[in-house]
Amino acid sequence: MARYILKRTLRSLITVTIVFIAVFMLLRFMPLNGYFPDEMIKETDEATRMAYLRNQGILDHPLVQLWRFVKNLFHGDLGRSLTVYPKVPVLTLLREKIPVSAAFGFVSMLLGIVAGLAMGLFMVRFRGKPGDHIGNIYILLVRAVPSLIYLFFIQIWVSRWLNLPLVYYENRPLSWILPVICLALSSIAWYALWLRRFMVDEENQDYVKFATAKGLPKKQVLRKHVFRNAIIPLAAYLPSDLLNIISGSLVIETLYAIPGTGGLLTTAIKQQDNNLVQILVLMYAVFSILGVFLGDLLMAFVDPRIKLTEK
Amino acid sequence: MTTIKKLEAVTADPKLFRGTEFDYAESENTGFTNYSYWKSTFRTFFRSPMVVLLTAVITAIVLMSFLYPLISKVDPTKTSIMPLEWNLRPGKEHWFGTDTLGRDIWARAWYGCRNSILLALCIAASDVGIGMIAGAFWGYNRKIDPVMIELYNIMTNIPSTVYLVLLAYIMNTSFLTLFIAMASRGWIVEARFFRNRILSIRDSEYNIASRCLGTPMRKILTRNIIPHIISLIIMEAALCVPYSIGSEVFLGFVGVGMPVDVITLGNIVNQGRASFTLHPYQMLLPTIVLCIITIAFYVLGNRFADASDPRNHV
């Protein structure tokens, strides 16, 4: 086991390094004018802009920049934002934004798991009955309609209908309800869909037929045998979900004006804020690879039949 | 010993069984039926009235969106300088009304459908096509497995916005850049899906049994593996359509999608959002068309997957 973890860690490190270097180099191919807003290009002359870029170290050879970045990283200096929040240290920025996204993400993740599993269980219990059909229609709508569309209509219509605030206010808990629910919608559908599918698969297994033949009530068979075996494959996604909460949701945070990390990466890429993009890509890559890794470990932990070291 | 006796007693009971003449021709008759996989698949698929309805709706929408630009003379980009023609509500002349610049939304919706469906089909073809070939190699070659898994991790971790912005800088944002940015990473996701399925089909018991019985590889491939893969291809291609339309809407929202003057469903929805509170129909009507397309493809893809499973055939 220890050997497996070590091997896997080394491979993950290589992957993260390649992702990081690829993004780092791609950023160096960006046009130089992209570092300035349009008004600034009109107002200043070429020489001033070049001097600024040279001062920021953007004109150095990419490898020199890479070395400098790595050196600073190990000194705990993540650099300063270039264009999105000029001169603000990246660390301060992350410290401000991550807690907001993480709080929303965590609550909605819990809501998603609880409501999603309950819904999946309900749908299996009443398979082929109206309750199951309603659940299927919900899953279909959430998965087939582009999220932006239904999120927008929920924001406009549900907030008016329930008289909830249209956007997020830091000091009004009432305005936190809709974003949390919106964030949970797709994960509810995801958990319900897969729990239902895995439970239906489990229901055809011999041990379930045996339990039914023994005379156990259907409810008990579902809860004690089928449900417990069906949630094992879902456990693999739990660590990823948990780590992903820090990256926030772009659409929801934009719609409700939540000052989280959601749109940060995209905005930073569009405005060529190299320092910010680098840190974010590094962070997200580490977290996403770590999430898959922890998921595999967790799966081996909850299901003794799964052996990672074999093969 | 006792069981055999019991069996004889049962078979010999004249009340239950009747003797029959030995017929050589009849004894050679095996349980062969003229079962055709594709016929049964389509029969199961079209048995549901909803599937028939959705197929008809999708065919109508696709035909309409490709024929409309040919038969109609309404220019979807024609703006009007007369304020009286702005923001017209849906009526006889403009079926879906006009937008803030007096452009006909009915015409725009069809042009948008055509462009969005075209983009979605191109992406579906490239993702599923390349993904299928790469997935077959990946599934059949154990050696490249670790390399491909790492490649998958790398590719899915580089944000596609990076390519989009870079491509937009190299050449202007267009159909092509959006296609490259979306297709460059879609194929590996599909490849992984096909790899998993191919692994499980190749090593499934009926194929091992078939191989043990000495069935030639060619026959296993054409009768057991390829039909399965083709139905997966059709399903994945159908599911690619709602995904790529959704991505296009999302990219438009982020501001790295198609240029504003190109008519796509994503652009229509995003432009309609701005004037939604005043003129809801400007966004609502094209959005309904978009949702019908994505939902229909999603349902048909899933239904086809169910129908292609021989266990659901009667």
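What share of the contacts in chain A between residues at least 6 apart in sequence join residues at least 24 apart? In this predicted model, the share is 69%.

## Chain A overall

Let's start with the fold of the chain. Chain A has 15 helices and 0 strands. Along the principal axes, its C-alpha atoms fill a box of roughly 85 × 55 × 30 Å. Chain A has 311 residues, and 30% of them count as buried.

## Where chain A touches chain B

Now to the partner chain. Chain A and chain B each bring 29 residues to their contact. On the chain A side, the elements that give two or more residues are α1 (2-28), α6 (130-144), α7 (147-161), α13 (250-255), α14 (264-270) and α15 (274-302). Of these, α1(A) gives the most, with 7 residues. Sorted by class, the chain A side has 23 nonpolar, 3 polar and 3 charged residues.

## A helix pair across the contact

Two packed helices are described by the angle between their axes and the distance between the axes. The axes of α1(A) and α6(B), which spans residues 145-157 of chain B, come within 9 Å and cross at roughly 40°. The two helices are therefore oblique to each other, and α1(A) passes α6(B) in a right-handed crossing.

Which residues make this contact? From α1(A) come Arg11(A), Thr15(A), Ile18(A) and Val19(A), while α6(B) supplies Glu150(B), Asn153(B), Ile154(B) and Asn157(B). By class, the residues of this helix contact divide into 3 nonpolar, 3 polar and 2 charged.

Terms used. Residues numbered from 1 in each chain as written. Chains lettered and ligands numbered in written order. Predicted model: local features only at pLDDT ≥ 70, side-chain atom pairs only at ≥ 80, totals over all residues. Helix = DSSP H or I, 4+ residues; strand = E, 2+ residues; numbered from the N terminus. Buried ≥ 20, exposed ≤ 12 C-beta atoms within 10 Å, placed from the backbone. Contact = placed C-beta atoms within 7 Å. Nonpolar A, V, L, I, M, F, W, Y, C, P; charged D, E, K, R; others polar. Axes fitted to C-alpha atoms, helices over the stretch in contact; angles between N-to-C directions. Parallel < 35°, antiparallel > 145°, perpendicular 65-115°, else oblique. Left-handed = near helix turned anticlockwise from the far one by under 90°.
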